[in-house]
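Hello,

Here is the structure for you to look over. My notes follow below it.

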Amino acid sequence: MTQYKRIFLRPGKEKPVAQRHPWIFSGAIDRLDDGTDDGTIVSVRDNSGTHLGYGYFNGRSQIAVRMLSFDERTVDSALIRERLLSALERRKCSGVTAQTTAFRAVFSEGDFLPGLVADSYDGHLVIQILTLGIERMRNTIIDLLQEVFAPHSIYERSDHAGRSIEGLPERNGTISGATPEEIIIVENGLRFIVDVRHGQKTGFFIDQRDNRALIAGISRGRSVLNLFSYTGGFSVAALAGGAIEAVSVDVSEPAVRMAERNAELNALTGRSRGVTADAFEYLRGVDISSDLIIIDPPAFAKNRQSVAAACRGYKELNLQAIRKCRPGALVLTCSCSRFLGMDLFQKVVFGAAADAGRAVSILHTGHHPPDHPVSIYCPETAYLKSLLLSVD
Ligand code: SAH
């Protein structure tokens, strides 16, 4: 029988574990067995030595243990297989697989597999290994992904900045099968080109699917300004929904070019225009004639320390958009910073509305779709929030 190294928590620190929170911060640890190596599975104990569950350890990380089970169940391939199977079942039963050929197949803590992300693009998997603990189980996980998802190919995009905190180098390359240079996915009937090798994240912002559907439903007859447009997902959705025109603004030239190609792919080119520019400067410099504005910036707050600066960025964007848009305009404003919750985001937008002196109401609030489940025990992993505003 495997002898697991033990980690003993400080008195009182067993409570979150008993409540199935998967993270144990280094400060919660009282003592550990000699020779507890980074990346290994450990038995987590309360201060008196009672076993609480198993997780993987990394002394280099602030989150020293990420839990994988909360009882006597050991971490083996049967447990991981079960987790992957239930992840797939969640995608099916929530209707995601019927709606799109691009979905997040495994979402880390949300699927009770902290450190593992897998996105499925038309049957090709793109995986991200975020932690040393998962890295140690890499071969088993790859075999099980093959078994459960039967993908055409598996590609790895483990080039997330957080890997260095875990003591891991970046890795980017094919694991199995042949991943096409470009994959065409179909989301709610619209087609998009995904470059999984060079695109941002794993190639596509899958998490905005519901908001793109929302925009398709409210864009008829409107003139759309899509800020931080990446490969034009919102612009294509808006044009397909009957928008008069869509202007896509992004600082990345390859993204803007891809947005044009995506418009073409859906036979929507005539009414679409791409602008390579900084969205802040663009907003400051133009008179806005649009009456549907989308603001979907990257995560401005990468950690707790940068929340205040991030809020200033969100406020500036929202202030300019709300101040300048036409009466009767709609603004979809988003934040994907995990360190900034909906309450704070709404306060920032409130500040922008008040400073702009316009009548603003919230028509809809949104978050990431069901293929990005949030474990009820770990609400910290909810990150995307959006407000659809009407501005008079
Ligand atoms: N709405 C997109 C996803 C946006 S991701 C979709 O549905 O697919 C954020 C985008 O912001 C990225 O494409 C990035 O290139 C762009 N970006 C980052 N900083 C920017 C800036 N200052 N001005 C304009 N675009 C920027």
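**Ligand site**

A nitrogen atom of the ligand lies 2.9 Å from an N or O atom in the side chain of Asp278. That is a polar contact (a pair of N or O atoms within 3.5 Å; within protein, one must be able to donate a hydrogen and the other to accept it, and residues adjacent in sequence count only if both atoms are side-chain atoms). Asp296 has an N or O side-chain atom 2.6 Å from a ligand nitrogen. Alone, the ligand exposes 580 Å², and the protein buries 90% of that. Areas are Shrake-Rupley values with a 1.4 Å probe; for residues, only the protein chains shown count as cover.

A note on the model: it is predicted, with local features needing pLDDT of at least 70 and side-chain atom pairs pLDDT 80 or more, while totals for chains, interfaces and linings use all residues. Numbering starts from 1 along each chain as its sequence is written, and side-chain values use heavy atoms, without hydrogens or water.

Which residues come nearest to the ligand? Of the 15 around it, they are Arg212, Asp250, Asp278, Ala279 and Asp296. A residue is counted if one of its heavy atoms lies within 4 Å. The shell has eight nonpolar, three polar and four charged residues. Here Ala, Val, Leu, Ile, Met, Phe, Trp, Tyr, Cys and Pro are nonpolar, Asp, Glu, Lys and Arg charged, and the others, Gly among them, polar.

**Cores**

The largest nonpolar core has 35 residues; Leu225, Leu227, Ile293, Ile295 and Ile322 touch the most other members. A core is a set of buried Ala, Val, Leu, Ile, Met, Phe, Trp, Tyr and Cys residues joined through side-chain atoms within 4.5 Å. Buried is under 20% relative accessible area, exposed over 50%, partly exposed in between (1.4 Å probe, protein chains only). α10 gives the largest share, eight residues. Helices (H or I, at least four residues) and strands (E, at least two) are DSSP runs, numbered from the N terminus. A second, separate core of 29 residues includes Phe192, Ala237, Ala246 and Leu332.

**Positive phi**

Two non-glycine residues to check. Asn188 has phi near 45°. Asn188 sits in the loop between β12 (183-187) and β13 (190-194) and is partly exposed, at 35% relative accessible area. Ala267 has phi near 55°. Ala267 lies in the loop between α8 (253-265) and β16 (272-276) and is exposed, at 67%.

Best regards
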